[in-house]
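I opened my notebook beside the structure and wrote down what I looked up, entry by entry. Here is the view I worked from.

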Amino acid sequence: MMSRRTAGNVSGNLQTVLICTLLLTIGVICVNFSSAKRADGVGGEANRVILDESPRYHGADGSRLLRGDPDPHAASRAGDASGRASSEYFRRFDPDLARASCVPSGSGKKVIFITGTGGFVGFHVAQALKKQGHGILGLDNYNSYYETSLKRARQTKLEASGIYTAEGDLADAEYIHKLLRFCPFTHVLHLAAQAGVRYAAKNPYAYVQSNLLGFVTILEEVKAMDKTLPIVYASSSSVYGLNTKVPFSEDDRVDQPASLYAATKKSNEMIAHTYNNIYHMSLTGLRFFTVYGPYGRPDMAYFFFTRKILEGEEIQIFQGPQGEVVMRDFTYIDDIVDGIIGSIDTAERGTKGSAQYRLFNLGNTHPEPVTTLVENLEELLNKKANKRVVPMPPTGDVLATHANVTAAHDAFGYQPKTSLKEGLSRFVEWYTQYYGVTLPSQA
Ligand SMILES: NC(=O)c1ccc[n+]([C@@H]2O[C@H](COP(=O)([O-])OP(=O)(O)OC[C@H]3O[C@@H](n4cnc5c(N)ncnc54)[C@H](O)[C@@H]3O)[C@@H](O)[C@H]2O)c1
């Protein structure tokens, strides 16, 4: 038999064990609750705790945050489609360059997180915004959809102007989570995407990864950090799909996409609407119309026609099933940059009860036949193209695009200024310098 004292000790010990177990259980539940909130991106408060404890932008050593900050939920966030883990990106991140890049040149300036700065549009707009004195942090994964040497050349030029691009994937939530806390951002400009209409037939998953998962990742991470931040993002004229009423207006129905690319861009607009509706996030979508210019995209017709004409290769000119001429509303990059800056300048923070939900066409409003594009190039390159007219393949191209830009004009005075001829001549000038080409007349 147990003595009273022993029994008393045992029951005392049991009580202690039970109380401790209870406390531990509550502790575990609390920890699980906060981690669940973090993991699904809803836990703004949980995030703040980690944020406030972290040595970040204002701290002495931002590098610690981005080099091995112990994040208990990293496993659910780490990695990207390429299989690279966030930690690989963190190792490459240069906190000193990033911090300097974010610092604006004076009071009243913005601090903007720009995705896709390795790309054509991101490169130009980042430079223009930096010139205006705004602080910038870029992001790009420098994927090999087209020649990475061109993306790296843009990176080098941006770095020379003090603009740092963090290397990593949009859909890597852990990385985006940390980058968004590295600078005191006032705006997000989201341009990174898998672009191109025809490539979707070859690699559809790239569009799902970057344009759908990547888009939601940006929205979720901005929401978790500060859902009042205005977000301006790239949509596309391709959302007009098979519509035949021209010019295209923002209030036209757009539910006939002709490509997976177009479908992802249209989805972005609908997802943006959802976040605006539920969380009152400020979202502005920009429907760009066939942008061209120096440091442009080698997968676009004006660029590869130039290359092929110079190399004497055949170029294929598409025509519609009834022999229709294909028309594009070619828009020069400087006009697009003006439109993006106008959108950012008029983007307002979300408030508790409401926020902007805007969509703007950014085009040239003067569609030209693709044959005119070729004639201009022939003249500028001083060389005849070896042309072949072929039926348009069923890979997502549309017959004609034409922007109505009244909404952008009314909202921020958007007014495209550059004619196709003028813009192409600036492109050809850049092209010949960049690739070291001597034009036939100059030989
Ligand atoms: N250029 C045009 O004519 C045009 C027309 C309509 C819409 N747009 C849209 O405008 C935006 C910019 O286009 P662009 O012409 O500069 O294209 P781009 O391909 O030159 O630039 C996009 C950049 O995003 C990067 N990127 C892609 N997926 C990424 C990911 N998962 N993580 C990180 N970075 C990633 C790419 O490496 C690239 O540097 C895109 O959203 C595009 O869909 C462009």
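My entries follow, going from the whole chain to single residues.

**Entry 1: the whole chain**

I note at the start that this is a predicted model. I looked up the secondary structure and found 16 helices and 13 strands in the protein chain. How much of the chain counts as buried? I got 43% of the 443 residues. I then turned to contacts with a separation of 6 or more, and 81% of those in the protein chain are between residues 24 or more positions apart.

I picked strand E2, residues 135–140, and checked its burial. E2 is mostly covered, with six of its six residues buried. Which way do the residues point? Gly135, Leu137 and Leu139 point one way, while Ile136, Gly138 and Asp140 point the other way, and all are buried.

Next I looked for the strands paired with E2. Strand E1, residues 111–115, runs parallel to E2 and is joined to it by five bridges. I found Val111 standing opposite Gly135 of E2. Strand E3, residues 164–167, also runs parallel to E2, with four bridges between them. Here I noted that Leu139 has Ala166 of E3 as its bridge partner.

I followed the connections as well. From E1 through helix H7 (residues 120–131) to E2, I have a right-handed β-α-β unit. From E2 through helix H8 (residues 148–160) to E3, I have another entry of this kind: a right-handed β-α-β unit.

**Entry 2: around the ligand**

Which residues come nearest to the ligand? Of the 29 residues around it, I listed Gly119, Val121, Ala192, Ala193 and Ala234 as the ones that come nearest. I sorted the shell by class and got 13 nonpolar, 12 polar and four charged residues.

I also asked which elements supply the shell. H7, E2, helix H10 (204–226) and strand E5 (231–236) each supply at least two residues. H7 gives the most, with three residues. I marked E2 in my notes for this reason: the strand with six of six residues buried is also among the elements that supply the shell.

**Entry 3: helix H13**

How far apart are the end C-alpha atoms of H13, residues 333–346? I wrote down 20 Å, and this agrees with the 20 Å that its 14 residues should span at 1.5 Å a residue. I then checked burial: 10 of the 14 residues are buried, so H13 is largely enclosed by the rest of the structure. Among the buried ones I jotted down Ile333, Asp335, Asp338, Gly339 and Ile344.

**Entry 4: the loop between E5 and H11**

I looked at two residues here. Gln256 lies in the loop between E5 and helix H11 (260–279). Leaving aside neighbours within four places in sequence, I found Gln256 in contact with Gly241, Leu242 and Asn243. I also noted 9.7 Å between the C-alpha atoms of Gln256 and Lys266, which are 10 residues apart along the chain.

Pro247 lies in the loop between E5 and H11 too. I checked the peptide bond from Val246 to Pro247 and found it cis, with omega near -5°.

I located Leu380 in helix H14, residues 370–381. Leu380 counts as partly exposed because it has 19 C-beta neighbours inside 10 Å. Apart from neighbours within four places in sequence, Leu380 is in contact with Leu424, Ser425 and Val428. Val428 is 48 residues from Leu380 along the chain, and I noted 7.1 Å between their C-alpha atoms.

Asn382 is in the loop between H14 and strand E13 (386–391). Asn382 is not a glycine, but I found a positive phi of about 55°. With 13 C-beta neighbours inside 10 Å, Asn382 counts as partly exposed.

**Entry 5: Tyr142**

Last, I looked up Tyr142, in the loop between E2 and H8. Its phi is near 45°, a positive value in a residue other than glycine. Tyr142 is partly exposed, with 15 other C-beta atoms within 10 Å.

Terms used. Residues are numbered from 1 along each chain as its sequence is written. This is a predicted model: local features need pLDDT of at least 70, side-chain atom pairs count only at pLDDT 80 or more; totals for chains, interfaces and linings use all residues. The expected span of a helix is 1.5 Å times one less than its number of residues. A residue is buried if 20 or more other C-beta atoms lie within 10 Å of its own, exposed if 12 or fewer, and partly exposed in between; C-beta atoms are placed from the backbone. Two residues are in contact if their C-beta atoms, placed from the backbone, lie within 7 Å. Two strands pair if DSSP finds at least two bridges between them. A crossover is right-handed if, with the strands pointing away from the viewer, the path from the first strand over the helix to the second runs clockwise. A residue is near a molecule or strand if its C-beta atom, placed from the backbone, lies within 6 Å of it. Ala, Val, Leu, Ile, Met, Phe, Trp, Tyr, Cys and Pro count as nonpolar, Asp, Glu, Lys and Arg as charged, and the others, Gly among them, as polar.
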